[in-house]
Amino acid sequence: MEILRTVREMQERAERIRSSGKRIALVPTMGALHEGHTSLIALARERCDVVVLSVFVNPTQFGPNEDYRRYPRNFENDERIARDAGIDIIFHPDAAEMYPDGFLTYVVTDEVARILEGEVRPTHFRGVTTVVAKLFNAVKPHVAVFGQKDAQQLFIIRRMVHDLNFDIELIAAPIVRESDGLAKSSRNAYLDSRDRTRAASLHRGLQKAADLMMNGERDMSVVRAAVLQTLEVDSPSQVDYIAFVDPATFREVGNPTGGEILILLAARFGVTRLIDNMIVHLR
Ligand code: AMP
């Protein structure tokens, strides 16, 4: 396994791999690897000859009062997990390599990047699309794998790939969960034991909404109230949003008649903000 730290080295390496006729898959991460990430790596492995894992805690996707500084970083551990998972190359630039002095150009997606996560975190998606575009140009992948865990991010990256004509196939990986349903996340490490227990209510809330809708409930205010009641947060103000959207457009659905509904939740347990989602298939 190789570790490359500069864009130039990565690009040269990618060019050599491509000219030998091999296919490259990219799995972008911020490190603090867990089984969610390794499930993405496994999908990448199935598709391509060479799998590149990027490990980069991207400063531009964090707001000024967010957790950029305390975000968990443990590169040695990530290296071990990556090696065990069969990664060929880790791309691990530092912030100055990705954003050198004078950096001025951002990739911005309209509309969808301003709602839900984008409303609570106004500069978040601009940071995500910018870094992902830069990673695509550094790694030159044929395939890139992203988790359904970050459903709005996945939607926006799909949009960007389409709108900006990146010749890259995107693969969406299902959400990997703990045994009590909590979606695996690097940020779960922030939870104390009480909040860790309560955080499983996110998944129970999604399950509750799905059950109600599968059993014919079409009044979304009823479903929303039931989810709110399930969430074990200290007060409703700890819930950032409960949203029901059409996964094809990310537009809010009123009273759905059928098809797929994506339920999205964001809530705070103590100081830890978590997101989760579930797709419901209505007949
Ligand atoms: P992160 O390191 O949190 O930026 O995540 C890197 C990638 O892993 C993103 O595409 C995430 O959607 C994906 N991911 C994170 N957690 C999970 C999970 N529990 N299941 C599946 N994919 C995940």
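What follows covers the ligand and its surroundings, then a pair of strands.

Keep in mind that this is a predicted model.

**Around the ligand**

Start with the ligand: 17 residues surround it, and the closest are His 37, Gly 147, Asp 150, Val 176 and Lys 184.

| Residue | Atom in the residue | Atom in the ligand | Distance |
|---|---|---|---|
| Gly 147 | backbone N or O | oxygen | 2.8 Å |
| Asp 150 | polar side-chain atom | oxygen | 2.6 Å |
| Lys 184 | polar backbone atom | nitrogen | 2.8 Å |

On its own, the ligand has 480 Å² of accessible area, and the protein covers 92% of that. Which elements give two or more residues to the shell around the ligand? They are β2 (24-29), α2 (35-47) and β5 (143-147). Of the elements, α2 gives the most, with three residues. Sorted by class, the shell has eight nonpolar residues, six polar ones and three charged ones.

**A pair of strands**

Now move along to β8 (residues 259-269) and β9. These two strands run antiparallel, and eleven bridges join them.

Is β9 mostly covered or mostly open? Strand β9, which spans residues 272-282, is mostly covered, with nine of its eleven residues buried.

Conventions: Residues numbered from 1 in each chain as written. Predicted model: local features only at pLDDT ≥ 70, side-chain atom pairs only at ≥ 80, totals over all residues. Heavy atoms only, no water. Buried < 20%, exposed > 50% of the residue type's maximum accessible area, 1.4 Å probe, protein only. Helix = DSSP H or I, 4+ residues; strand = E, 2+ residues; numbered from the N terminus. Pairing = 2+ DSSP bridges. Near = heavy atom within 4 Å. Polar contact = N/O pair within 3.5 Å; in protein donor to acceptor, adjacent residues only side chain to side chain. Areas by Shrake-Rupley, 256 points an atom, 1.4 Å probe, with all protein chains shown as cover. Nonpolar A, V, L, I, M, F, W, Y, C, P; charged D, E, K, R; others polar.
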